[in-house]
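Subject: The structure I promised you

Hi,

Here is the structure we talked about. Please open it next to this email and click along as you read.

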Amino acid sequence: MQLGRVIGTVVATIKAPGLDGVKFLIVQPLDRDLQPKGRPVVAADGVHMAGPGELVYFVGSREAAQALPDTFVPVDHAIVGIVDAVEVTP
Amino acid sequence: MKVAKVVGTVVSTISSPVFDGRKLLICDLLDTAGEAEGGYLIAVDTVGAGVGETVLILDEGTSARQVLGWETAPIRALVVGIVDEMVVDGTTIV
């Protein structure tokens, strides 16, 4: 899993079966010092409570779909938690 | 599996249920010289590892779910061991 910052939302009316009701957010991946790293991704919101500005952690690849109610859906990134605190020892 | 150094923790109240009560560790991935190679993973602890320790990380979802006995969990990376010693080309790295 990686840290990320929610920077936006995506709305799609026409989408693959199984994705109805799934919220999509644009997430900027971060390094462990919370600096942007790499390109933003569109991630499904697996916790149903994430929103723009929030610090989250997300899972990629096959495991992303496991975060959703229907686990056999075409999703490759999903937010699985909202971060309260990050503590990194230099 | 990957070798990494635990450098921090993540605290989260709102999360997928599989993370409830589990410790999330920020782990810097190490190269064969024992140096941070630039990447990191947030991994779920299963062995009681802590900051400063060198650990073994399992980064494969099906195996991770098998370890936890939770076949629908949205999880991929687990800390599954604490490294006592690592030797590469005759040189002790850890």
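Below is what I found in it, starting with the ground rules.

This is a predicted model, so local features need pLDDT of at least 70 and side-chain atom pairs count only at pLDDT 80 or more, while totals for chains, interfaces and linings use all residues. Residues are numbered from 1 along each chain as its sequence is written, and chains are lettered from A, with ligands numbered from 1, in the order in which they are written.

**Chain A on its own**

Chain A has six strands and zero helices; both are DSSP runs numbered from the N terminus, where a helix (H or I) needs at least four residues and a strand (E) at least two. Five of the strands close into a barrel in the order β1-β2-β3-β5-β4, and the pairing is mixed. Two strands count as paired if DSSP finds at least two bridges between them. In this sheet, neighbouring strands are turned by 55° against each other on average, direction ignored (the axes are lines fitted to C-alpha atoms, for helices over the stretch in contact, and angles run from 0 to 180 degrees between N-to-C directions).

One pair to look at is β4(A) with β5(A), which is antiparallel and has five bridges. There, Val59(A) has Ala78(A) in β5(A) as its bridge partner.

For the overall shape, the C-alpha trace of chain A spans about 45 × 20 × 20 Å along its principal axes. Of the 90 residues in chain A, 38% are buried. Buried means that 20 or more other C-beta atoms lie within 10 Å of a residue's own; exposed means 12 or fewer, partly exposed is in between, and the C-beta atoms are placed from the backbone.

**Where the chains meet**

How many residues of chain A are in contact with chain B? There are 26, and they meet 23 residues of chain B; a contact means C-beta atoms, placed from the backbone, within 7 Å. On the chain A side, β1 (2–10), β4 (55–60), β5 (77–82) and β6 (85–88) each give two or more residues.

Strand β6(A) also pairs with β1 (residues 2–11) of chain B, antiparallel and over four bridges. Look for Ala85(A) opposite Val11(B).

The largest nonpolar core has 50 residues, and Ala78(A) and Cys27(B) have the most contacts inside it. Such a core is a set of buried Ala, Val, Leu, Ile, Met, Phe, Trp, Tyr and Cys residues joined through C-beta atoms within 7 Å. Not counting residues up to four places away in sequence, Ala78(A) touches several residues, including Phe58(A), Leu68(A) and Pro74(B).

**A few spots in chain B**

Strands β2 (residues 24–30) and β3 (residues 36–45) of chain B run antiparallel, joined by six bridges. Cys27(B) stands opposite Leu41(B) in β3(B). Five residues lie between the strands of this hairpin, where Gly34(B) takes a positive phi near 85°. Strand β3(B) runs parallel to β5 (residues 77–82) of chain B, with two bridges, and Asp45(B) has Val79(B) as its bridge partner there.

Finally, is Met1(B) buried or partly exposed? Met1(B) counts as partly exposed because it has 13 C-beta neighbours inside 10 Å.

Happy clicking!

Technical notes: Two residues are in contact if their C-beta atoms, placed from the backbone, lie within 7 Å.
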